[in-house]
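Please look at the structure below.

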Amino acid sequence: MISFTLWDMTRHLLVGAGWTIVLSVIAFVFGGAMGLAVLCVRISANPRLQRFGMAYIEFFQDTPLLMQFFLIFFGLALFGVDISPLFAAMLGLTLFTSAYLAEIWRGCVESLPKGQWEASACLAMSRWEQLRHVILPQALRIAVPPTVGFSVQVVKGTAVASIIGFVEITKTGTMIANATFRPLTVYALVALGYFLMCYPLSVAARRVERRLHAAGRR
């Protein structure tokens with residue numbers, strides 16, 4: 001058994017938490033960009049593109065994130081593609097995030113009155129112009145609270161990356177617990193770390209939602 005003081009545990013867990021935040025930010029930024037592209041495909045006027053977008057979303061929503069990580073990390077290795085746990089975690093969480101954000105945003109777009117589409121069509125706008133100038137600016141106001149709220153799920157989803165060897169806060173906690181035989185103390189600190197990362201996002205989501213509702217009543 002290796003001797004770790006409480007400060008030693010906290011110091012190592014802070015490093016792991018830093019990687020958790022890095023992975024979360026990367027997944028959310030790139031997942032958001034991909035999610036916007038998937039959204040455009042999903043609400044396209046082309047039925048084939050719609051079906052492709054639907055299949056993409058359904059696959060990543062209806063399969064466990066753990067299985068997706070396994071398919072990326074071990075599946076690509078079968079074809080001679082050697083990737084690091086970091087890259088596999090980034091790719092897996094980005095794809096997962098893009099599917100959920102695309103579906104969240106689709107619901108926001110479809111919640112708008114159809115008259116918005118019809119009015120913009122009467123102005124001889126193309127579908128892209130309708131989205132850019134009329135639909136998306138209105139949908140953005142509705143989408144902010146659930147998007148910020150989903151960021152909490154992204155942070156917690158990084159824990160799954162520990163299975164493929166990516167050393168974030170959960171993996172760091174597991175290694176410390178195995179070395180010190182003090183799992184209760186270690187995982188209590190890990191849980192506290194996740195709380196400190198996720199709680200501000202939850203508060204921000206609630207505040208944004210209240211402000212938007214208040215602005216909507218004016």
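I135 touches V109, L112, Q116, W117 and Q130, leaving aside residues up to four places away in sequence; a contact here means heavy atoms within 4.5 Å. The model is predicted, so local features need pLDDT of at least 70 and side-chain atom pairs count only at pLDDT 80 or more, while totals for chains, interfaces and linings use all residues. Residues are numbered from 1 along each chain as its sequence is written, and side-chain values use heavy atoms, without hydrogens and water.

I135 also belongs to the largest nonpolar core, which has 36 residues; Y56, L93, V109 and I135 touch the most other members. Such a core is a set of buried Ala, Val, Leu, Ile, Met, Phe, Trp, Tyr and Cys residues joined through side-chain atoms within 4.5 Å, where buried means under 20% relative accessible area with a 1.4 Å probe, protein chains only. Two or more residues come from each of α1 (6-42), α2 (47-62), α3 (65-78), α4 (85-110) and α6 (127-157). The most come from α4, with 11 residues. Another core lies apart from this one, with 15 residues, including M9, A177, A179 and V190.

The chain as a whole has 8 helices and 0 strands, helices being DSSP runs of H or I with at least four residues and strands runs of E with at least two, numbered from the N terminus. Of its 218 residues, 39% are buried. Among contacts with a separation of 6 or more, 73% join residues 24 or more positions apart. The C-alpha atoms fill a box of roughly 75 × 50 × 20 Å along the principal axes.

How values were computed
Buried < 20%, exposed > 50% of the residue type's maximum accessible area, 1.4 Å probe, protein only.
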